Amino acid sequence: MSGILYFVPTPVGNLQDMTFRAVNVLKEVDYILCEDTRTSGILLKHYEISKPLKSYHLHNEHQTTEKVITDLKSGQNVAIITDAGTPGISDPGYLLSKAGSDNDIEMICLPGATAFVPALVVSGLPNNEFLFAGFLPQKKGRQTKLKQLAEEKKTIVLYESPHKINTTLEQIKEFFGEHTKASLSREISKKFEETKRGTIIELIEFSKSKTLKGEIVLIVNNSI
């Protein structure tokens, strides 16, 4: 009988956001896949989890996936985690999920931390329908993607890094319009968690007035 592949969310900030079930699953599997063994090692040490850690990231997931599927078919139970949040959501995990599906492997994704959910909830923007767009393309196809998103009537969720946030905000103003409503959340679940809401122009002024740190979730809506 094949083993089970678990997708286990890990805290995006506060270590106390780890669920009891997530800790128990990580203690019971045969080994754990992770992006960075040093980062995940801190989490596992905190919860006294002693299981082998194996590297699984964007640069090795193609060659590693085949070995993981072989282990699952042999009856081993495997968990995949990322540095923060839910595996597969703008993080490694999709290829393993697809391979698991193609090979009829039982897969279970535990509910838990995902950065965009709290950012969306506190944005004050409509969330009955929304489009998760993740990270914009770095260069090729970026403007095409922005033009496409600008036509969207639903609230849009984007991820962005601190050193690119000013450029992205300026591009949103250009493609979406200066009256676009937006919300910027950073350091979610950490000590200096912060959310700024307003027009895209107000967010540009806010972003340029200080040096933003931490991963950023940007919520945008130009239809209200």
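These notebook entries record what I looked up in a predicted model.

**Conventions.** I worked from a predicted model, in which local features need pLDDT of at least 70, side-chain atom pairs count only at pLDDT 80 or more, and totals for chains, interfaces and linings use all residues. Residues are numbered from 1 along each chain as its sequence is written, and side-chain values use heavy atoms, with hydrogens and water left out.

**Entry 1, parallel sheet.** I looked up the sheet order and found an open sheet of 5 strands, β3-β2-β4-β1-β5, with parallel pairing. Helices (H or I, at least four residues) and strands (E, at least two) are DSSP runs numbered from the N terminus, and two strands pair if DSSP finds at least two bridges between them. β3 (53-55) and β5 (106-109) are the edges and have a single partner strand each, so one side of each is left without a neighbour in the sheet. From one strand to the next the twist averages 25 degrees. I then followed β2 (residues 31-34), which runs parallel to β4 (residues 78-80) and is joined to it by 3 bridges. Tyr-31 has Val-78 as its bridge partner in β4. Helix α2 (residues 37-46) lies across β2 and β3, at about 155 degrees to β3; angles run from 0 to 180 degrees between N-to-C directions, and axes are lines fitted to C-alpha atoms, for helices over the stretch in contact.

**Entry 2, mixed sheet.** I noted another open sheet of 5 strands, in the order β6-β7-β10-β8-β9, with mixed pairing. Its edge strands, β6 (130-135) and β9 (194-199), each pair on one side only. The twist here averages 15 degrees from one strand to the next. β6 pairs with β7 (residues 155-160) in the parallel sense over 5 bridges, and Phe-132 stands opposite Val-157 in β7. Helix α8 (residues 200-208) packs on this sheet, touching β8 (181-186), β9 and β10 (216-221), and its direction makes about 140 degrees with that of β9. Contact means heavy atoms within 4.5 Å.

I located Gly-214 in the loop between α8 and β10. Leaving aside neighbours within four places in sequence, Gly-214 is in contact with Pro-162 and Glu-187.

I checked α3 (residues 61-73) against α4 (residues 94-102): they pack at about 35 degrees, with axes 10 Å apart. Glu-61, His-62, Thr-65, Val-68 and Ile-69 of α3 meet Leu-95, Leu-96, Ala-99 and Gly-100 of α4.

I used a 1 Å grid over the protein atoms alone: a cavity is a set of points where a 1.4 Å probe fits but cannot get out, a pocket is an open set with protein on both sides within 12 Å along at least five of seven lines, and lining residues have an atom within 4 Å of a point. Grid points are joined across faces, edges and corners, and a volume is the space filled by probe spheres set on the points. The largest pocket holds about 610 Å³. Among its 22 lining residues, Ala-84, Asp-91, Phe-135, Tyr-159 and Glu-215 are the closest to its centre. The second largest pocket has about 200 Å³, and its lining includes Thr-10, Pro-11, Asp-83 and Ala-84. The whole structure has 1 cavity of 30 Å³ or more. The volume of the largest cavity is about 40 Å³, and its lining includes Pro-9, Thr-10, Pro-11 and Asp-17.
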